[in-house]
Amino acid sequence: MHSIEFQLKICLEAPWHVGTGLSRGLVDRTTQRNACGDVYIPASTVKGRLRNACEHLARIYGSEANRLGPCEPPRPDRMCRGSDACIVCSVFGSAYLGERLYVEDALMSADSRGLYDPGIQAQPRTRVKLDRRLGAAEHGHLFTSEYAERSLVFYAGMSGLMDLTPISDNANSAYELVLLAAGAGLVKELGGDKSSGFGRCEVSIVDGIRVSGREVRVHELVEMIDELEYYKVG
Ligand SMILES: [Zn+2]
């Protein structure tokens, strides 16, 4: 087992839907805000998006020979069991393995907090709930959503304890680290209202991943992405 540690930077490139409340003209404060009133991105959202991106990569580079393809939650018969887990479960954890990667809530950067008071970090937009069947507005169903402003920047600390599979004799690399580094760059949205472009973001790992205290630069890991094809072969 190796301990790993890194910081994820998330820049909003479009307003992000942070919460919705049914309302009659009143703004329902159901957004994700911390004790200081600052908007934050919950750890579960951050981890979920990163895991999805890594599953996507594992599918792209997966073959019968390398067994890289991820299992398929939530179908129990297609999920990893016991210690013989897919690469995604061995990085992120599973019901059988327990947690492997611990993710903190993504908190707003000091720069963003300096520029945006809590009152303007997110703006309410009131919309009408549509009845899909009738194709008309539902009576009395105005709802207010809050959208965090684009250009806000957040940071989330991540740490984990996991087995690493070295790539050839390169001690600074492992398939699991390449997957994480490349997966982070693939996260392009935070979910919700995707069709209208809301939630678009740019995600990156700051500097590198510290592996048992030693830092491995992200660009070195991303350059090895094609090595994923040879995961566990031979
Ligand atoms: Zn799995």
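**Notebook: turns, strands and a helix crossing**

I began at S212, which counts as exposed because it has 10 C-beta neighbours inside 10 Å. For this I used the rule that a residue is buried if 20 or more other C-beta atoms lie within 10 Å of its own, exposed if 12 or fewer, and partly exposed in between, with C-beta atoms placed from the backbone. I noted that this is a predicted model, in which local features need pLDDT of at least 70 and side-chain atom pairs count only at pLDDT 80 or more, while totals for chains, interfaces and linings use all residues. Residues are numbered from 1 along each chain as its sequence is written.

**Overall picture**

I looked up the secondary structure and found six helices and 14 strands in the protein; these are DSSP runs numbered from the N terminus, where helices are H or I of at least four residues and strands are E of at least two. Of the 234 residues in the protein, 35% are buried. I then turned to contacts, where two residues are in contact if their C-beta atoms, placed from the backbone, lie within 7 Å. Among the contacts between residues at least 6 apart in sequence, 69% join residues at least 24 apart.

Where does S212 lie? I found S212 in the loop between β13 and β14, and its phi is near 45 degrees, a positive value in a residue other than glycine. I wrote this down because most residues other than glycine have a negative phi. Strands β13 (residues 208-211) and β14 (residues 214-217) form a hairpin with two residues between them, and they pair in the antiparallel sense over four bridges; two strands pair if DSSP finds at least two bridges between them. Within this pairing V211 stands opposite R214, and I209 stands opposite V216.

Which residues of β12 are on its covered face, and which on its uncovered one? In this strand (residues 201-205), C201, V203 and I205 make up the covered face, whereas E202 and S204 make up the uncovered one.

**L180 and the helix crossing**

I next looked up L180, whose place is in helix α5, and found it buried, with 27 other C-beta atoms within 10 Å. Leaving aside neighbours within four places in sequence, L180 is in contact with C54, V91 and I209. L180 and I205 are 25 residues apart in sequence, and their C-alpha atoms are 9.1 Å apart in space.

On the α1 side the contact is made by L50, A53, C54, H56, L57 and A58, and on the α5 side by L179, L180, A182, G183, A184 and L186. By class, this contact has ten nonpolar, two polar and no charged residues, where Ala, Val, Leu, Ile, Met, Phe, Trp, Tyr, Cys and Pro count as nonpolar, Asp, Glu, Lys and Arg as charged, and the others, Gly among them, as polar.

**Two last entries**

I found V18 in strand β2 (residues 16-22), where it is buried, with 23 other C-beta atoms within 10 Å. V18 and E146 are 128 residues apart in sequence but 5.7 Å apart in space, C-alpha to C-alpha. R67, in the loop between α1 and α2 (87-92), has a positive phi near 50 degrees. Is R67 exposed, partly exposed or buried? R67 counts as partly exposed, because it has 14 C-beta neighbours inside 10 Å.
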